[in-house]
Structure formats: structure tokens, C-alpha cells
Amino acid sequence: MSDLYVLGARQRRLFLKTEEEWNLYEAALILRLDTQAKNSKICVEYKSPPEACANEHSSNVFKAGTVIGDTLYACTSTEVLIFKLPSFDRIGYVSLPLFNDLHHVSPSSDGNLLVVSTGLDMVLKVSLAGEVLDYWSVLDENPWSRFSRTADYRKVESTKPHQSHPNFAFELDGEIWVTRFRQRDAITLGGSRRRIDIAVQTPHDGLVIGNRIYFTTVDGRVVIANSRTLKVDDIIDLKIINGENEPLGWCRGLLPLDEQKIWVGFTRVRKTNFTENVLWVKNILRDGVGVKPTHIALYDIANKMCLQEFDLEHYGMNIVFSIFNATLVR
């Protein structure tokens with residue numbers, strides 16, 4: 001496999017070094033990266049319409065998405081966009097008042113959409129026509145104890161600090177699961193309240209492949225849990241594999257090729273007022289420590305080797321959320 005789709009965004013020229021993420025990115029991007037020829041092309045460059053933004057300075061970012069067959073489900077902070085591949089014709093669009101700081105969208109097994117509204121600490125089930133069919137707080141609370149049923153949260157710049165910061169939804173054994181940043185776990189949103197403990201650090205992705213569930217943690221680890229026992233079987237520390245003093249970046253975006261090789265995404269760590277209380281961020285930004293650019297890397301996790309690495313900033317991408325196999329789409 002040589003071609004990848006990579007979802008993220010291009011950064012604005014910075015006027016303040018501490019400018020926050022909700023104002024930082026000028027255009028959402030989807031790149032097609034040829035990892036053999038080492039070149040890329042922009043498949044989509046996108047900016048949200050005014051009615052779906054808090055203001056004209058709102059960031060435009062493609063967050064974590066899902067590819068099923070020749071269909072890409074992508075999201076910005078306030079929208080779900082559905083594309084036909086490889087033409088990238090837009091075949092679906094949903095934007096709702098309960099969409100704030102979306103982090104992931106995936107089609108559900110019943111043909112609807114699972115949307116992680118991170119800003120509201122919720123997961124929503126939404127029809128393709130834009131009807132809210134169900135919703136769950138990711139915390140043990142009434143979903144409306146902190147939020148309004150009638151407010152348009154697309155017009156709210158940020159609801160941080162979040163009490164949970166859910167990141168990624170997936171289905172397993174007929175139940176909906178979500179990764180929770182602050183609680184360092186993945187839980188079901190039904191009555192069983194099953195839980196996978198990801199204690200080593202705060203998680204993002206949660207990809208179910210066979211009997212494995214692959215999680216990324218923001219500090220550069222891949223946690224592999226058993227989908228039957230719900231116990232962690234392996235933790236791969238990519239920092240140790242790289243053997244470098246400088247931090248790899250904010251680890252987010254994962255594409256396992258098989259049980260041995262995986263692509264992983266890393267976003268350059270910036271100084272920010274909202275570090276989500278992550279100690280590792282504060283430690284790596286100390287004086288004298290370099291910071292790697294936004295990049296993706298291919299790892300052989302069996303032999304503990306980094307096989308390839310691509311600087312995405314060279315191709316105009318400054319934040320990465322998702323990586324997909326483009327060669328399977330014709």
C-alpha cells in the first residue's frame with residue numbers, strides 16, 4: 001500500500017504564540033499522500049459556512065472520520081460531511097445546534113450516524129436527514145444539567161474546560177462505546193456500563209479490528225485491548241521505538257495495516273492555555289526541548305522499528321486527525 005488519505009487542517013499565520021485551537025486553523029484539508037513517490041495532492045480544502053461557525057475566525061479542521069467502502073464520513077467542529085471516494089463528491093451534510101467541537105463521526109450499524117459532540121460531553125445518534133434520534137452523556141449525569149436544549153452550540157466558540165472530553169465512538173457486541181480523555185478509558189453508553197481501563201495516559205482513537213481494539217494515547221503510545229476480555233494485552237511506546245529526546249507530538253490518528261505494521265499520526269505540540277491538565281505537555285514544553293513537526297509514521301510494532309516518516313507540514317498540513325488507506329478505493 002502506497003497511497004493514504006490524511007485528514008487535518010492548515011494553520012493560520014500566528015499573531016500570538018498561545019492562540020487557541022478554536023481560532024488557529026484556516027482551512028480543513030484532506031490530502032492524498034503517495035508514500036512511495038513522496039508527494040501529495042489536496043483532495044479537499046474546506047471552510048465552514050457562516051451559519052455553522054461561531055465567528056469569522058473559527059477554526060476549520062477535519063477531525064476524526066470513518067471510511068466504509070467508497071464512502072468517507074468526515075466532520076468539522078460543527079458539521080458532518082459525507083464524500084464519495086475517490087471523486088470526493090459531497091453526498092451528505094448535517095449540521096445541528098448540538099454540534100460543538102465534534103471529534104469523530106462514524107456510521108452506526110443501523111444506518112445512522114454516531115457523532116461525538118466533545119464540547120457537550122455527549123455522543124449523539126443522528127439520521128442522515130439530520131434528526132437527533134438519541135443522545136448520551138458520557139458522564140453519570142443528566143445531559144442537560146450543564147447544557148441547554150435550545151442553545152445553538154455551533155455559535156459558542158468553546159465550552160472548555162470539558163469534564164470528560166470524549167474523542168472516539170465505536171460499536172462492539174451491539175453496544176456503543178466511546179473513549180474518554182479525562183477518565184482514561186472507553187465505556188459503553190448502554191445499560192451494561194462496561195469499561196476498558198486505559199490507565200497509562202489519555203486516549204483518542206478506538207479502532208476495532210478482529211479481536212483487537214487499538215487505542216492511541218496522546219503521549220505517543222498504542223494500547224491494544226482484547227475485544228473479548230476487555231483487558232489490555234499490549235502497550236507499545238512509540239517514543240522508545242524512535243529513541244529520540246524530542247517529543248513525537250500529540251498522538252492522534254491510527255491505521256493498522258496488519259497485526260505488525262501501523263501508521264500513526266502526530267501533531268506538533270503548541271503552547272496553549274488549555275493543556276487539558278496533561279502533565280506530559282507541560283513537561284515537554286520546557287526550555288531546551290525541541291518539538292517535532294506534524295507528521296505520520298509507519299511502525300513495525302513486532303520488531304520495534306520506525307519504517308517511514310512523513311513531515312506533513314511540508315505538504316501544508318499542521319494538524320492530523322485521521323489516516324485511511326486510499327489504495328483500496330478505486
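Which side chain meets arginine 180 in a salt bridge? That would be aspartate 185, with 2.7 Å from N to O. Keep in mind that what you're looking at is a predicted model. Arginine 180 and aspartate 185 are both buried.

## Linking up separate parts of the chain

Now look at glutamate 309, whose side chain meets that of lysine 292 in another salt bridge, at 3.0 Å from N to O. Glutamate 309 sits in strand 23 (residues 305-311), while lysine 292 belongs to the loop between helix 3 (279-284) and strand 22 (295-300), so this pair ties together parts 17 residues apart in sequence. Lysine 292 has a relative accessible area of 6%, which is under 20%, so it counts as buried.

Back to arginine 180 and aspartate 185 for a moment. Along with Arg195 and Asp197, they belong to one network, joined by salt bridges that share partners.

Lysine 63 and aspartate 101 make a salt bridge too, and their closest N and O atoms are 3.0 Å apart. Here both partners come from loops: lysine 63 from the one between strand 3 (39-46) and strand 4 (66-68), aspartate 101 from the one between strand 7 (89-94) and strand 8 (102-107). The pair therefore ties together parts that are 38 residues apart in sequence. Both lysine 63 and aspartate 101 are buried.

How many salt bridges does the count come to? The answer is 20. As a general point, side chains of opposite charge can pair when their charged atoms come close.

Four of them form an open sheet in the order 16-17-18-19, and the pairing is antiparallel. What stands at the edges? You'll find strand 16 (203-209) and strand 19 (232-237) there. Each has a single partner strand, so one side of each is left without a neighbour in the sheet. From one strand to the next, the twist averages 20°.

Conventions:
Residues are numbered from 1 along each chain as its sequence is written. This is a predicted model: local features need pLDDT of at least 70, side-chain atom pairs count only at pLDDT 80 or more; totals for chains, interfaces and linings use all residues. Side-chain values use heavy atoms; hydrogens and water are left out. A salt bridge is a side-chain nitrogen of Lys or Arg within 4 Å of a carboxyl oxygen of Asp or Glu. Helices (H or I, at least four residues) and strands (E, at least two) are DSSP runs, numbered from the N terminus. Buried means under 20% relative accessible area, exposed over 50%, partly exposed in between (1.4 Å probe, protein chains only). Two strands pair if DSSP finds at least two bridges between them. Axes are lines fitted to C-alpha atoms, for helices over the stretch in contact, and angles run from 0 to 180 degrees between N-to-C directions.
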